[in-house]
Structures are given as structure tokens and as C-alpha cells.
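Reader: Hi, can you walk me through this one? I'm new to reading models.
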Amino acid sequence: MVRPVLLGPWRAAWIAGALAAAGTAVPAVGQAPVTVAAFLARTSALKAKGFAALFSPELKALRDLGAAAGAEYRARLAQERAAGRPSSCPPAKVKIGSDQFLAHLESYPAPARERTTLSMAVADLFVRTWPCR
């Protein structure tokens, strides 16, 4: 007789969270890009958890989405620099805080949030913060 393995609630929640994070951290090929509206909705849901949000796998998933959008812009910026037409001129090391990033996303009007991707918003942030002069 095969006995089923019972997982405690902590382990089951961790496995479910890890699977969810693995599925949402990096968009799959052919999957629609994340919009500013979707990202803000996910951050609002996470903020509603209060202190428990620090332990939520959604926090890492959102950070990964932001990092992926930043990496996409860095790659685009490298191509623009090689062509001699950079869209922004940030310093070598850039650190954007979550408050600054969320404030930028919240600055978009509601209708624009639905059609603006996270990657477009990151590019806009860099262009506004570090314009080339």
C-alpha cells in the first residue's frame, strides 16, 4: 500500500508560492507583456497583506518583473548608444527605489495605464530622470 505524503500548511504554501513565482516571474514567449495597470493592481493586492507581504512570493515575482523590464531597457539603450542615439544618459550605476518606481507608475493617467507596458514605463522613467543634454 502506498501512503500519500502529507505536506504541512507551511510547506504546501511554499511549494504553491514557488510554482506561482516561477510561472509569473518572467513572461513566457508569446505571453502578453505586463501593463502598468496590471502591475499596480498586483502591488495594491500585495500592500493589502500588510506585514505578511514581506513573506509573499508575489513580492519576488513583482521585483523580477521590474528587473526584467529594466534589463530590457538596458539592452535597448546599449543598442541606441551603439547607433549614436541614446534615449537617455543614466550614470553607470543606477538604483531606483520602489517608492520612486511606484510613484512613476502611478503618475500615468488611468486610461494610459491599460495600454502602457511595464517596459515602456521603465524607458519613460529613464528618459525623464536622465535626459541626454
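Reader: At what angle do the axes of helix H4 and helix H6 cross?
Author: Roughly 105°. H4 covers residues 98–106 and H6 covers residues 118–129. Their axes come within 10 Å. Axes are lines fitted to C-alpha atoms, for helices over the stretch in contact, with angles from 0 to 180 degrees between N-to-C directions. Helices are DSSP runs (H or I, at least four residues), numbered from the N terminus.
Reader: What does that make H4 relative to H6?
Author: Roughly perpendicular, a label for angles of 65 to 115 degrees.
Reader: Which residues in H4 meet H6?
Author: Gln100, Phe101, His104 and Leu105. Among their partners in H6 are Leu118, Val122 and Leu125. Contact means heavy atoms within 4.5 Å.
Reader: New topic. How confident is the model?
Author: This is a predicted model, where local features need pLDDT of at least 70, side-chain atom pairs count only at pLDDT 80 or more, and totals for chains, interfaces and linings use all residues. Residues are numbered from 1 along each chain as its sequence is written, and side-chain values use heavy atoms, leaving out hydrogens and water. The chain averages a pLDDT of 81. pLDDT is the predictor's confidence in each residue, from 0 to 100.
Reader: Where does pLDDT stay under 50?
Author: Over residues 1–30. Where pLDDT is low, the predicted coordinates should not be read in detail.
Reader: Which helix gives the most to the lining of the largest pocket?
Author: H3, with 10 residues. H3 spans 57–82. A pocket is an open set of points on a 1 Å grid over the protein atoms alone, where a 1.4 Å probe fits, with protein on both sides within 12 Å along at least five of seven lines; lining residues have an atom within 4 Å of a point.

Key
Helix = DSSP H or I, 4+ residues; strand = E, 2+ residues; numbered from the N terminus. Parallel < 35°, antiparallel > 145°, perpendicular 65-115°, else oblique.
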